There are 2 protein chains.
Amino acid sequence: MILYDSQVSGNCYKVRLLLAQLGIPCERVAVDVVDRSRRAEILGGKNPSLRVPTIVLDDGRPLGESNAIMWHFAEGTGYLPEERFARAQVLQWLFFEQYSHEPFVAVARRWIMFDEVPSGEALAERHANGYKALDAIESHLAGREYLVGERYSVADIGLYAYTHVAGEGGFDLARYPEIRGWLGRVAAQPAHIPITA
Amino acid sequence: MILYDSQVSGNCYKVRLLLAQLGIPCERVAVDVVDRSRRAEILGGKNPSLRVPTIVLDDGRPLGESNAIMWHFAEGTGYLPEERFARAQVLQWLFFEQYSHEPFVAVARRWIMFDEVPSGEALAERHANGYKALDAIESHLAGREYLVGERYSVADIGLYAYTHVAGEGGFDLARYPEIRGWLGRVAAQPAHIPITA
């Protein structure tokens, strides 16, 4: 199995973390996240969005989108609830992550890490929307240990990936005690690995 | 069951279309998509992103995110495949829709419909990225009848919602024969309803 990967990408980290926790080995192929000129050559026909992570199963079938890849591997394991409504709640948080969190929290981090900030105004807009997402997570976690069903699941992995490195994007997590407690619980899960692994 | 809804929203239309095809009735509550000042009052505690659609089941449990709501209702029906990898492919397309299609194709439409275009440059950027998404769908559909497993599924509903009204966002679908054929097949499904229904 081959994972087209980027070590700094939180989206790729989701897949690496889940596979580590499931004990599933995979070969990693590093894809450049700054120079995207070879994306079509490397990922064409494997992933319609030409993004990483993209995984190619042992039988050659390719799959894209970090949260879809997690769902595929988590199915039938303790990382995905069995109950119908709880599963829909997991998906709610994963779609929230890709629409209302990642485009702001991850993009601000990327701009800062790779010295790509287009303007102070653009960064301020990403910060404002990113803080809205963090506010929503903070409110939801009040009185809860995990995002869905009081149990660690791929919903937590999906939101942990970019939230735990939000500081690298200029976000201040000091104001979020619920999130900080939850980040600690996620990091304390068996077989947890850091994003740098 | 209550659907917090907007008639013009393609995201809400996904839910209305699937529920119509499943024969599940629901009460619709219209939520303003231009004046968002009452969002927290109406949707707070129901949906972390304060977006429509949000659905409240008969037992009071709320669920947000159009694609998560579709998944919940499609489970166990002919609108969602049973096979594990095909289900992951459905999710791949739904995540593609929310990350690589909706922010461009739907937002350009919204700007034009509500006279909110911030600048010609901003609209051109949405068009460029929207066309990338449409190009990816066009390529994928070559030789295929539907997006996943040669069968109509919630993946098709998810991508149909904003693609079939892309012209309202200034996109020209004339260059996409595969997409136009697929839109016709989706619209010909039993119990199909238009976005204006």
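Predicted model: local features only at pLDDT ≥ 70, side-chain atom pairs only at ≥ 80, totals over all residues.

Student: What makes the pair of Trp93(A) and Phe96(A) edge-to-face?

Tutor: A search of the whole structure finds 14 aromatic pairs over all chains. In the pair of Trp93(A) and Phe96(A), the ring centres are 5.2 Å apart and the planes stand at 75°. Centres within 6.5 Å make a pair, and planes over 60 degrees apart count as edge-to-face; the pair is therefore edge-to-face. Both residues lie in helix H4 (residues 84-113) of chain A, three residues apart, about one turn of the helix.

Student: Why is Trp93(A) called buried?

Tutor: Its relative accessibility is 2%, and buried means under 20%. Trp93(A) therefore counts as buried. Phe96(A), at 1%, also counts as buried.

Student: Why is the pair of Tyr131(B) and Tyr176(B) called stacked?

Tutor: The ring centres of Tyr131(B) and Tyr176(B) are 6.4 Å apart and the planes are at 25°. Planes under 30 degrees apart count as stacked, so this pair is stacked. The pair links distant parts of the chain, 45 residues apart: Tyr131(B) is in helix H5 (residues 120-141) of chain B, and Tyr176(B) is in the loop between helix H6 (154-163) and helix H7 (177-187) of chain B.

Student: How do you know that Glu97(B) is buried?

Tutor: Glu97(B) has a relative accessible area of 0%; the limit is under 20%, so Glu97(B) is buried. Glu97(B) belongs to helix H4 (residues 84-113) of chain B.

How values were computed. Residues numbered from 1 in each chain as written. Chains lettered and ligands numbered in written order. Heavy atoms only, no water. Helix = DSSP H or I, 4+ residues; strand = E, 2+ residues; numbered from the N terminus. Buried < 20%, exposed > 50% of the residue type's maximum accessible area, 1.4 Å probe, protein only. Phe/Tyr/Trp six-rings, centres within 6.5 Å; stacked < 30°, edge-to-face > 60°.
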